[in-house]
Amino acid sequence: MLIKRPTDVRSSEITDKKVYYSRRQFIQAAAAGTAAVAAGTAGSAVLSAATPAAHGKKLEGIKKSPLSANPSVDKTNTWDAITTYNNFYEFGIDKDLPSENARSFNTANWTVNVTGECAKKGAYHVEDILKGETLEERVYRHRCVEAWSMVIPWVGIPLSAVLKRAEPQGKAAYVAFTTLSRPSEMPGQRVPALEWPYIEGLRMDEAMHPLTILAVGLYGKTLMNQNGAPIRLVVPWKYGFKSIKSIVQIRFVEKQPRTAWSVSNPDEYGFYSNVNPTVDHPRWSQAREKRLPSLFPTYKTQMFNGYGDQVASMYAGMDLKKNY
């Protein structure tokens, strides 16, 4: 019998509890929807909800962003769906575990250490990072590497505003981000599912792009712990694991940083991780996606997650199969 270690197990290989508990509904919907799927129409299966999350505190002074997705095309997912179906391995591999295991996570007096190749290093409270910036609601498509997607109304500020204040120096070609390491409150960090702490990175032009934001809320409320409280990255044209959660360090670096998933499995998770329907994951296709709560892959995956008009120029001349 083959027994897999935690580091061998990918979330895509695990039957999600919501799917397991809604098996009857799924089978019924699958039987009724086979013809519809073959015709490319939306399936009717719906994930059963985990225990709904409490709402965060209301954020004031939010303006709507013109960079948001078209609401007539991309309908936002519900608060319950967004806050109970999460990839956040620090709180568990199953997608319902973060909403359960992150309840006692303490985010009080949170600071982000800005360091590396910049003139203005220092430890900044979240309030200091937001000071002088107008909070924007940005409705972004969120595409996960496991071929599911959501539409989420994030609240945040452009990352570029924060980076410019730090005055990056000429050697700063990349920006590396680090998640908090606190195994006492993050049970997932007690097992070697990934190399902890979680690290992600962007090329400088990607980090400075207007679409890249630091999010501190969703649906007009402060972020829930399972969604990356109190501050996280959102890069909408990349697969979701690039949008690192619960950030404690922003570091300007000269060379491409080692990132968590690329270190864990470089053949499957590249540094760039741009949403690309023509580059399959080695073990499944990326050509279609399940727009939750549907369980059927009825949506055609869009290049750069539909943000190609804004970001494609950054990759002109690059081999996007080699630089996956």
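Guide: The count comes to two cavities of 30 Å³ or more, a cavity being a set of points on a 1 Å grid over the protein atoms alone where a 1.4 Å probe fits but cannot get out. Before we go in, the ground rules: this is a predicted model, so local features need pLDDT of at least 70 and side-chain atom pairs count only at pLDDT 80 or more, while totals for chains, interfaces and linings use all residues. Residues are numbered from 1 along each chain as its sequence is written, and side-chain values use heavy atoms, with hydrogens and water left out.

Start with the largest cavity, at about 400 Å³ (grid points are joined across faces, edges and corners, and the volume is the space filled by probe spheres set on the points). It is lined by 30 residues, and the closest to its centre are Asn87, Phe88, Gly240, Phe241 and Lys245; lining residues have an atom within 4 Å of a point. By class, that lining splits into 16 nonpolar, nine polar and five charged residues. Here Ala, Val, Leu, Ile, Met, Phe, Trp, Tyr, Cys and Pro count as nonpolar, Asp, Glu, Lys and Arg as charged, and the others, Gly among them, as polar. Strand β5 gives the largest share, four residues. Strands (E, at least two residues) and helices (H or I, at least four) are DSSP runs, numbered from the N terminus.

Now the second largest cavity, about 50 Å³ in volume. Its lining is Tyr140, Arg141, His142, Trp154, Val234, Val235, Pro236, Lys238, Gly240 and Ser243, which divides into five nonpolar, three polar and two charged residues. Gly240 turns up here and also among the residues closest to the centre of the largest cavity. This time the largest share, three residues, comes from β4.

So what does β4 look like?

On to the neighbours of β4. Eight bridges join it to β5 (residues 148-158), and the two run antiparallel; strands pair if DSSP finds at least two bridges between them. In this pairing Arg138 stands opposite Trp154, and Trp154 is also one of the residues lining the second largest cavity. Strand β1 (residues 63-64) pairs with β4 too, in the parallel sense, over two bridges, with Lys64 as the partner of Glu137.

The β4-β5 hairpin has four residues between its strands, and Ala147 sits in that loop. Most residues other than glycine have a negative phi, and most peptide bonds are trans. Ala147 is not a glycine, yet its phi is positive, about 75°. It is also buried, at 12% relative accessible area. Phe304 shows a positive phi as well, about 55°; it belongs to the loop between β13 and α9 (308-311) and counts as buried at 5% relative accessibility.

If you're checking omegas, look at Ala229 to Pro230, which is cis near -5°, with Pro230 in the loop between β9 (221-222) and β10 (232-234). Leu292 and Pro293 are joined by a cis bond as well, omega about 15°, and Pro293 lies in the loop between β12 (288-291) and β13 (299-300).

Zooming out, the chain has nine helices and 13 strands, and 52% of its 324 residues are buried. Of the contacts (heavy atoms within 4.5 Å) between residues at least 6 apart in sequence, 74% join residues at least 24 apart. The accessible surface is about 14,900 Å², with 54% of that belonging to carbon and sulfur atoms; areas come from the Shrake-Rupley method with a 1.4 Å probe, and for residues only the protein chains shown count as cover.

How values were computed:
1 Å grid on protein atoms, 1.4 Å probe; cavity = no way out; pocket = protein on both sides within 12 Å on 5 of 7 lines; lining within 4 Å. Buried < 20%, exposed > 50% of the residue type's maximum accessible area, 1.4 Å probe, protein only.
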